[in-house]
Every structure is written in C-alpha cells, then in structure tokens.
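Visitor: I'd like to know what stands behind each label on this one, cut-offs included. Where do we start?

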Amino acid sequence: MDEEIVESFRLESEEHLEAMEAELFALEKIEDPVKEESSVIESLNSAFRAAHSLKGAAVFLGFKNITTVTHAMENILGELRDSVKRPSVDCANLLFDSLDALSKLFVELYESDNIDVGSIIKRLNRYVEESERGSKLERPESDSEFSAHESLEGMYKFCVTSGNKAVLGELELVGEVLESTEDGGCYKYIVTSALEYELFSLSLEEFECEVMPYVEKAIAEEKKSVEENFVVDAPVKSEDTKSVKKIAKPMDASVRVPVALLSELMALAGELVLVRNQHLRWASECGDSSAKEISSRLDTVTTELQTSIIRTRMQPLDKVLSRLPRIVRDISIALDKKIDLDIVGREVEVDKTILESIVDPLTHLLRNSCDHGIEMPAARVAAQKDEVGCIRVAAVQESGHISICISDDGNGIDPNKIAESALKKGMVTELELMKMSNQEKISLIMLPGFSTAESVSNISGRGVGMDVVRSSIEKLGGTFEIKSEIGVGTEFLLTLPLTLAIIQSLVIAESGYKYLIPRINLEEVISLVGKNIHAKIKAVNGQEVLNYHDSLLQLVRLNEVFASSKAFDSQKREEISKKYQQVYSNRLEVDDAVDSLVLDIAVVRVGQKRFGLIIDRALETEEIVVKPLHSAQSNIKIFLGSTIMGDGATSLILDIDGIAKHALSEVHYLENEHVADRSIVNSELSQKIISFAAGSNDKFALALSFIRRIYTIKTCDIQSIGGKEFVMIGEKSINIARLSKIMEYSVENRSQELYLIMPRFGKYNCGILASEIFGITDAVIDFEDSMLKRDGVLGTTFVGDKLTIFPDIYYVCERTLGTDIAGLSFKSKVFSTPKQVLIAEDTPFFRQLIKTYLSCESMVVDTASNGQEALDMLLKKQYDLLLSDIEMPIMDGLELIKEVRSRDGIKNIPAISLTSLNTDDDRRRCLQAGYDKYLAKLNREEFHDSIKKIFNMN
Amino acid sequence: MKNDGIINHNFYFFISAGRKWGVDIGAIREVGELTDSLCPVPHSQYSVMGYLNVRGDIHQLISFNSLIAGKRVEENKGGLVLFFKENIGQSFGVYVDDACEIMTVNNVDIEKWEAVGSGSRNNEFDMSEYLTSSVYRSKDELVPLIDPTRIEGAINI
C-alpha cells in the first residue's frame with residue numbers, strides 16, 4: 001500500500017470527521033426543522049457526502065472496518081436525507097458514537113481491520129433495520145428514474161475508454177458499470193463509483209485507460225482542468241455542472257507540507273532575525289548610509305518573511321474549540337444537566353505546537369466546568385437561575401499573546417471546602433490556612449494531587465487536574481489563573497504566547513549584564529526616584545513590599561536572586577530587607593544627592609503570582625529567539641533559556657515563575673484580606689480551638705470558628721495615638737486589643753514578633769494581641785463553674801494540663817474600640833414576665849456560650865443536648881423561644897422543628913436555628929423545615945438583633 | 001603518521017593552573033581569544049564562566065583553572081579559549097592561561113596514565129588525575145595529556 005496515499009487519506013479523514021461532527025451539531029441546534037427544512041437538507045447532505053467520501057477512499061485502500069462503519073452511517077444519513085428528518089437524540093448519539101469509533105480506527109489505521117467494531121456495526125445495522133420497518137410505507141418505489149438519480153447522490157460518474165477489455169473486471173471492483181460500448185476494439189464504459197477522481201484514476205493506472213469525469217457539457221473543460229491539477233475537493237453531485245467546476249482547485253490554492261519542514265523554516269527565520277538584529281546595530285553604528293539602506297531593506301524583508309513563516313504554522317483555534325460542543329453534549333447527557341456552550345474567537349490563530357498542547361488543558365477545564373461548576377437544573381431553578389447553565393469559551397488575541405477565558409455561571413468554588421480538603425491531605429497547615437485569603441485558598445486547587453471530588457469519575461476529579469493544567473500552560477510560557485465567586489460562577493483564564501520560537505521581551509540591565517524578561521510575564525515597569533524609594537518600600541514580616549494599586553506588591557531583588565543559588569527562606573528575606581533599609585537610610589543621612597537615585601521595578605506576573613522585580617534599569621524591547629540552556633545548566637530554574645542579542649552578545653532569559661519560587665514564600669498572605677464565607681463544620685462534641693499566650697503567665701484560647709485571620713506583626717510597627725494602639729496592615733490601620741489592659745491579665749512580653757487575632761464576625765477593626773501562638777487543637781470545652789468569672793471571659797477550662805481562659809473576643813474588641821457594650825447585652829432588659837428560652841445544642845462550648853449571651857435576670861435559659869431531649873422539655877414546659885443547632889445526635893434540628901410544628905400546644909413557638917452549616921441550600925432547608933430564622937453560629941450582633949426582634953425589645 | 005611501528009600524534013600544549021598540559025589537536029576546532037560578550041550564568045557550576053556567542057552558536061565556557069582548583073578562580077582576561085569539536089561535547093570551550101606550542105609526539109614517549117582510583121588519591125578527588133588520560137614524557141618534564149571528552153562531565157563533579 002502506498003504510504004503517501006494512506007497518509008493523505010488519514011489527513012483528509014480528519015477533515016471529513018470534523019465536517020460530519022459539525023453538521024450533526026448544526027442539526028441539533030436547528031430549533032424548528034419544518035421551518036428550516038433547507039438547513040436540515042444542507043446539513044444532511046454535507047454529512048452524507050463526508051461519510052460517502054470516507055467510504056469511497058476506504059474501499060479503494062481496502063480498509064474494511066472503516067468501509068463497513070461509514071457505509072452504515074451513510075445508510076442512516078441517506079435515509080434521513082430522503083425523509084428530510086433531523087436525527088432523533090438516539091440517532092444522533094449513535095452517529096456521534098460511530099464518529100468516535102472511526103476516530104479510533106484512524107489512530108491505528110494500518111491495524112484498523114484488527115480492531116473490534118462489532119458493537120457499533122450491530123447498533124448501526126439495528127437502527128437501519130428498525131428505521132426501514134418504520135418508514136416502509138412512506139418510502140417511494142425505487143425503480144423509477146427519479147430514484148435512480150437519487151441513488152447516485154454523492155457518487156461520481158466517470159467515462160473510461162480503453163483498448164483493454166480486462167479493465168471491465170477492475171471497474172466492477174471499484175464501481176458500478178452503468179453503460180458499456182465497444183467501437184472497433186476501443187471499449188467505453190460509464191461508471192459510477194464512490195471514489196474521487198484521483199483515487200479512481202489511480203485504481204486503473206496499470207490498464208492504460210483514459211478516465212474523465214462524466215459530465216457531458218463540461219467534459220472538455222473538466223478534462224483539461226483535472227489533468228492540470230492534482231488536488232480534488234469534496235465530492236459533489238455529478239449532475240451539477242456548476243459544482244463540477246469546483247472539483248479541481250487551482251494548483252496554488254493549497255499544498256500539504258510536512259510540519260517538520262515548517263519547523264525548520266521557522267528555526268531558520270529565527271536565526272535570520274538574529275542576523276537582522278546584529279546587522280541593524282552594526283549599520284546604525286557604522287554611520288554608512290548605504291549600509292543603513294541595505295539594513296533597512298533587510299529589516300523589512302526579514303520581518304515579512306518571519307511573519308509569513310509564522311503564519312504557515314498558525315492555525316485557527318477552531319481546530320480545538322470545535323471539539324468542545326461534543327464534550328459538553330456528552331457530559332450534559334451523562335449528568336442530566338442542561339448546558340449551553342457559547343464559543344467566541346474561533347478565528348483567533350495560534351502556533352500549531354501551542355494549539356496541540358492546549359487540547360488537554362482546555363478539555364479538562366471544560367469538563368470541570370460541566371461537572372463541578374454547572375448545577376443540576378432543579379438546583380439552578382431553586383437558586384433563581386435559568387435552568388440551562390451557560391459556559392462561555394472566549395478567545396482574544398492581544399499584544400503578542402492570546403487569552404482564553406472559560407467561564408461558567410455555576411455554583412462557583414467554595415474556598416473553605418478547598419481549604420478543608422487541602423488540610424485533610426496535609427498540603428497546608430491550619431495556621432497557614434488562617435493566614436490565607438479566599439483567592440489563595442482557591443489557588444490550592446492547583447497543588448499537585450489536589451481533588452475535592454468524593455469519587456473518581458469519567459468526567460473530572462481524578463486529582464491530576466488543575467496542577468497538570470497549570471504546569472502544561474506554564475511550560476508553554478503561559479499563565480493560568482482561577483477566579484470564582486460562590487453562587488455566581490468560575491472563570492479559568494489562560495494566557496498563551498502566539499508562538500514559541502520568537503518572543504517579545506524587555507531587555508533589562510542587572511549587575512553589568514543584559515537579561516530579558518518575556519513580554520507575556522510583564523505588566524509594567526515603574527520607577528521610584530529619590531526619597532520615594534525609602535518611603536514606598538516597606539518591610540512586612542521581613543518581606544520587602546511596595547504599595548501598588550491599593551495592594552501590597554512583594555518585591556524581589558534580582559541581584560540577590562543571582563547571588564544566592566539557595567532558595568530564600570524567611571530569614572534570608574528579612575536579611576535582604578534589613579540590608580537595603582539600612583542602605584537607603586545611610587544614603588538619606590549622608591548623601592544630599594539622594595534625589596538622583598532611581599530604582600526600576602518590573603511588575604511581573606505568572607499565574608496568580610504577581611510581584612515586583614527590582615532591576616538596575618529597563619532598557620528596550622527586543623524580539624528574541626529562545627535557545628535552550630546548555631544541558632549542564634538545565635537544572636537552573638531561574639532562566640528560561642538564552643539568546644543572541646543584536647550586538648552579538650549572549651543574554652539569558654529570566655524564568656519569572658522560577659524566580660518567584662526561588663525568592664518568595666509559598667504562602668502569600670499579604671494581599672487584601674477577604675472575609676471567610678463559611679464556617680468550619682464540626683458536629684463533634686469537641687471544638688477546634690487555637691491557644692495562645694498574651695503574656696508570660698496566662699494561657700488563652702479562642703474557638704477557631706470565631707477567628708477570621710491572624711496577622712504577624714512587629715513590636716516596632718505598633719503605633720500609639722491618643723492612648724489607642726494600632727498597626728498598619730496594608731492600607732488599613734487596625735486597633736490593637738491587649739488582654740492585659742482589658743481584663744488585667746499579665747502584660748505581654750517584649751518579643752519582637754507578635755500576632756494579631758481578628759474576629760470572624762462583626763465589623764470590628766480590631767484584633768487581640770498575642771505574643772505566641774501554640775497551635776490548633778481539638779478540645780471538649782466544658783467550662784469550670786468554680787473558676788473565676790469576670791466580664792469578657794466566656795469561661796475557663798483545662799486544655800491539656802493547663803488552665804485556659806476563653807476570652808469573649810467581641811467584648812474585648814468592643815472595649816478596645818470604646819463602643820457601646822451594653823448595646824449587645826440583655827442585662828438591662830427587664831420583662832414583666834421572665835422569658836423562657838430553650839437551647840438545643842450538643843456542643844457544651846456553644847451551649848454555654850449562647851447561655852452567656854442570653855445572660856439576663858429576666859431570661860430563664862434551659863439547655864438540651866439533642867433534639868429528642870429538647871422535644872421532651874418543650875412538651876413538659878412552656879417556652880417563649882427555641883434556639884436549636886441542626887447537627888445533633890439522636891434527633892437533629894430539622895427533625896425537631898418538624899415535630900414541634902406538627903404538635904398542638906408548641907407548634908407556634910418562635911424558633912431560631914443556629915448552625916455552622918452555612919450554604920444557601922442549608923439556609924433553605926432550615927426555613928422550609930419550619931424555623932423562623934436562620935443564624936450562622938455564632939455572629940453575636942446578628943444573634944442579638946434577632947432575639948430583640950422576637951421579644952419586641954427595640 | 002606511521003613509521004616502523006611508531007605512531008606520531010599532534011598535541012596542542014597549553015599553560016593553565018600553573019603547569020603545562022597537552023590535548024590531542026584533532027579534538028580542537030579552533031582557538032580564540034575571550035571577547036567582551038561573555039555572559040555569566042548565575043547559579044551555574046563554579047567552573048562555568050558563562051556563555052559565549054561563536055558565530056551564532058552559544059557555547060558554554062569552562063575555566064580550566066577553576067576546574068583543576070575545585071573552586072571558582074578569578075580569571076584574568078589575557079587567556080585563550082580552546083573550542084572543541086562537536087564529537088567531544090555539546091558546544092563548549094575551555095579557557096586556559098596561555099598557549100604553549102603544537103608538537104608532534106610519538107607513541108613511544110606517551111605513557112598511558114592509570115589514574116589512582118579513577119581520579120582519587122588518598123580518598124580525595126583529584127580533578128587533574130580524572131582529566132588525564134596519558135602522560136607525555138619529554139627529556140626534562142612530564143606533561144599530562146587530557147581527555148577532552150571528560151571535561152563536560154567534570155563540571156558537575
């Protein structure tokens with residue numbers, strides 16, 4: 001078998017398979033097939049022709065399995081076309097599955113006849129049989145001239161003349177001989193065949209016969225055209241003279257070129273660019289006008305040549321994007337979801353290598369959006385969304401790169417769920433999580449091996465997802481980031497270079513040498529001048545930062561990165577920070593010419609990491625050809641490669657991701673803070689607590705669910721104004737609450753590094769100062785009644801072997817800020833009849849906490865540790881209010897309220913659910929079950945307001 | 001060149017690390033001077049001086065002095081670069097202090113060098129032993145003849 005012809009067949013088959021898939025999708029999208037009958041016919045015709053062409057070539061080349069599958073598909077498509085029917089969902093599924101089967105056969109083309117296709121053939125044949133039985137009455141008789149004409153649709157007719165009679169036997173193998181005449185030893189046949197002209201002629205090559213497409217009017221013209229041209233277009237109806245003219249394309253319309261040759265041309269163009277750069281520099285330096293003229297011409301020609309060669313490797317994104325509807329369709333059916341896919345920017349072109357490399361990442365992201373993003377129709381309706389979810393894939397070309405955004409209007413990513421999962425897998429510690437913003441928590445999804453999916457499915461959630469996507473994109477020199485909002489949706493943003501070989505870059509100077517920053521990583525270059533350098537660069541936790549667009553930008557000094565091959569730790573970062581603070585301070589003191597100091601900072605970005613790279617000077621932009629590092633240096637991660645500059649010197653290209661990994665902390669917690677949205681669910685009796693010291697003698701603890709975040713601060717950063725202390729965190733000043741001042745505990749020791757614990761609920765711009773964080777532990781908190789009680793203390797209990805004080809974080813903050821503490825207390829309220837309140841809560845800590853919050857002379861509070869106990873108490877005694885947890889043993893809060901609402905005598909009691917379950921779905925379930933109010937456990941302000949409303953205390 | 005069982009070899013002799021060394025001239029592609037376009041490669045091995053553009057091809061430049069000393073040695077700029085042929089290794093050059101002579105040496109005067117423990121002596125690695133494949137014995141001195149194919153591997157030792 002001629003390998004060249006087989007390869008040509010394989011390449012053309014891709015186009016035919018794509019065409020069939022596109023037409024099947026087009027048919028599915030037609031809303032009213034009756035009104036849009038012409039569109040239905042057009043699509044069916046196109047799909048039929050593609051199947052037919054495939055079959056024809058497969059017959060000729062002897063690929064039996066491909067022939068059988070395409071033949072059966074052709075039958076179905078022909079049947080549909082004849083009856084002008086759009087395929088049913090079952091039929092479309094069958095045709096799509098057949099396309100998949102064909103694709104597999106083409107992958108192993110030479111072995112295709114050994115692949116088992118029995119199952120799909122059986123399904124296809126069964127469908128044809130059933131269809132024939134169903135439509136027998138509707139079908140016209142097939143012996144008329146009209147039906148004969150129809151049966152020829154998609155077939156080619158040829159006129160074959162030969163002096164050799166034996167050719168007849170050959171013709172019968174590849175087609176149907178319609179007419180046969182003999183004239184003085186010259187035989188003439190009219191043959192109809194599925195083979196295209198090129199293949200048909202080849203099959204008869206050894207018989208010395210003349211073959212012509214049989215279209216009488218156009219025959220002369222066509223004969224000439226076919227002889228002159230080799231490339232044959234898609235098959236057309238042989239009776240259509242106008243179409244016949246389209247059979248042959250002009251010679252220069254297209255030509256298949258091996259990709260390796262294009263790559264070689266690309267590499268040569270790259271070398272030419274370097275020579276051009278050198279020549280340009282030389283010409284501008286030598287001052288010779290002729291040299292300049294030649295150089296200018298060389299520049300123009302090189303640019304045009306380079307652009308043209310790049311274009312030969314560029315392919316429209318549609319090659320990849322056109323596969324996406326099928327994925328969405330299949331997943332929608334598999335998961336019983338309704339999903340619309342909107343694709344924008346199919347025409348955007350990108351280098352073939354990049355195009356091939358993004359197939360898997362794009363497919364994975366789309367699957368992820370379908371599987372994890374878009375909700376089930378009922379859930380969407382309940383969330384007041386359209387039941388049909390929408391995924392949008394939008395590609396745009398920007399300066400030197402393309403951006404692809406995959407967004408969905410689904411459920412979004414819950415940062416706390418991600419955090420919980422990462423914690424369970426030991427990827428982060430609880431303390432690290434406390435310091436993370438929501439965006440940083442979402443980024444944990446990109447850690448290797450991360451997956452929140454409870455089970456491995458065919459759709460997504462194999463635990464090898466996002467990290468593979470990120471590394472694939474970063475390997476291409478691109479970036480990957482995720483943005484998400486709960487209930488609103490998720491956005492995956494990929495940024496990719498247009499081509500890999502030649503990139504735009506910024507030339508910078510550092511330590512006397514030139515280096516290059518890829519343009520795709522560069523956001524902007526900012527210059528700090530004179531005293532601004534000292535004023536704007538600050539140290540936070542030992543890390544140099546710059547106030548940049550309302551956020552803190554971490555800074556990395558390139559000279560320090562070069563000087564140390566060991567990745568920086570916090571000590572090293574602090575050392576660098578101190579060193580330069582000292583340098584600037586010294587300059588300010590002794591140097592009057594400080595105004596002349598200039599510091600260039602390249603603001604660079606890779607994925608979601610953005611930082612400032614301090615360089616000596618930004619010079620110019622230059623187009624460069626990336627050459628790999630010498631194999632002996634391949635382990636150096638701070639360089640992407642090397643290149644030859646216009647002046648002939650060699651320069652190194654910076655790997656921004658490598659530099660970030662070398663110089664920055666893995667956990668970035670300096671960005672603007674985000675309020676956590678979800679409580680940590682803990683239905684056990686034990687409570688997660690964080691224990692800390694605020695002085696040398698006493699040990700304190702707070703329930704983790706009461707804490708939003710912990711900042712690390714320096715003693716020297718604490719400022720005092722008007723008797724109040726505060727510290728700047730980013731742009732915000734935060735008040736400092738010292739337990740020693742509020743509750744007369746032992747004074748904080750004078751450690752250099754302190755911690756600021758921020759409350760989770762409320763709008764307090766205040767945090768409790770801690771001198772040491774001991775860690776996070778699980779503890780059953782049952783406050784000791786005998787222990788000392790005082791204002792601001794929820795209680796004391798033994799944690800481990802040490803008596804631990806649980807301060808009331810809200811009390812402490814309110815006292816520090818000087819707000820009206822009494823406003824959040826019921827102490828001053830006196831009711832004519834004492835209010836009876838029942839608390840159903842299994843966790844002793846919360847039971848006591850709620851009791852403390854309700855502490856009031858005219859409020860009688862009883863407690864139950866589960867729903868059943870609460871129900872029994874309700875039936876025995878009359879209560880004015882029920883406060884209940886949801887997750888409880890024996891009888892949960894939902895069952896309890898259903899029982900309460902169904903029983904006379906107690907069914908009208910006001911009831912509030914207090915729970916850590918905090919999703920919209922949880923809220924809906926609680927309210928539907930019968931609670932009057934749903935409160936997050938435990939937002940004191942909200943709790944206080946709700947109680948006040950129920951007892952008309954305003 | 002063969003004559004009555006005597007085979008002649010051409011060697012390029014150079015000075016570096018305070019002594020004379022020899023290398024088969026058949027391995028050398030060209031000898032050049034160090035230009036200003038040398039680009040240092042931060043985080044690279046102590047013996048790697050940087051990258052150099054030689055007619056559009058980027059070469060790694062290795063300091064022979066540093067290699068022998070086992071630590072980075074500041075080079076003066078008056079030395080020479082020996083660029084080796086492709087079959088010796090991936091585009092690299094070796095920076096030496098000075099050229100000495102090109103001499104034809106017959107095999108009678110060359111003694112195969114049996115490195116003690118593959119480059120180690122007294123349990124300490126000796127780079128000069130590792131690189132030496134044979135020794136040229138002249139009237140008044142012994143000159144180590146290096147195996148240039150070992151240079152690239154040596155930078156990672």
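**Labels and their cut-offs**

Guide: Helix α32 (residues 940-950) of chain A lies across β35, β36, β37 and β38 of chain A, at about 155° to β38(A). We're looking at a predicted model, where local features need pLDDT of at least 70 and side-chain atom pairs count only at pLDDT 80 or more, while totals for chains, interfaces and linings use all residues. Residues are numbered from 1 along each chain as its sequence is written, chains are lettered from A and ligands numbered from 1 in the order in which they are written, and side-chain values use heavy atoms, with hydrogens and water left out.

Visitor: Which strands make up the open sheet in chain A, and which ones are its edges?

Guide: The order is β35-β34-β36-β37-β38, five strands with parallel pairing. β35 (859-864) and β38 (933-936) of chain A are the edge strands, since each pairs on one side only, and pairing takes at least two DSSP bridges between two strands. Ignoring direction, neighbours in this sheet are turned by 20° against each other on average.

Visitor: How do you know that β34 and β36 of chain A are joined?

Guide: Count the bridges: four of them join β34 (residues 835-840) to β36 (residues 881-884) in chain A. With at least two required, that's a pair. Within it, V837(A) stands opposite L881(A). Helix α28 (residues 844-853) of chain A packs on the sheet too, touching β34, β35, β36 and β37 (911-915) and making about 170° with the direction of β35(A). Contact here is heavy atoms within 4.5 Å.

Visitor: Why is P415(A) called buried?

Guide: Buried is under 20% relative accessible area, exposed is over 50%, and partly exposed is in between (1.4 Å probe, protein chains only). P415(A) comes in at 3%, so buried it is. P415(A) belongs to helix α18 (residues 415-424) of chain A, and its C-alpha is 5.3 Å from that of K441(A), 26 residues apart in sequence.

Visitor: What makes S511(A) partly exposed?

Guide: Its 44% relative accessibility falls in the in-between range. S511(A) sits in the loop between β12 (502-510) and β13 (513-518) of chain A, with a positive phi of about 50° although it is not a glycine.

Visitor: What makes the nonpolar surface patch with L265(A) in it?

Guide: V255(A), V257(A), L261(A), L265(A) and L268(A) make it, at about 440 Å². Patch residues need over 30% relative accessible area and no salt bridge; nonpolar side chains (Val, Leu, Ile, Met, Phe, Trp, Tyr) are joined within 5 Å, like charges within 9 Å. Areas come from the Shrake-Rupley method with a 1.4 Å probe, and for residues only the protein chains shown count as cover.

Visitor: How do you know that E21(A) and R326(A) form a salt bridge?

Guide: Side chains of opposite charge can pair when their charged atoms come close. The rule asks for a side-chain nitrogen of Lys or Arg within 4 Å of a carboxyl oxygen of Asp or Glu. E21(A) and R326(A) have their closest N and O atoms 3.4 Å apart, which is within 4 Å. E21(A) lies in helix α1 (residues 3-29) and R326(A) in helix α14 (residues 324-335) of chain A, so parts 305 residues apart in sequence get tied together. Both E21(A) and R326(A) are buried.

Visitor: What about E544(A) and R557(A): buried or exposed?

Guide: Both are buried, and their side chains meet at 2.9 Å, N to O, again within 4 Å. Elsewhere, bridges that share partners join E21(A), E28(A), D97(A), D100(A), R123(A), R326(A), R329(A) and D330(A) into one network. Over all chains, the search finds 36 salt bridges.

Definitions and conventions: Helix = DSSP H or I, 4+ residues; strand = E, 2+ residues; numbered from the N terminus. Axes fitted to C-alpha atoms, helices over the stretch in contact; angles between N-to-C directions.
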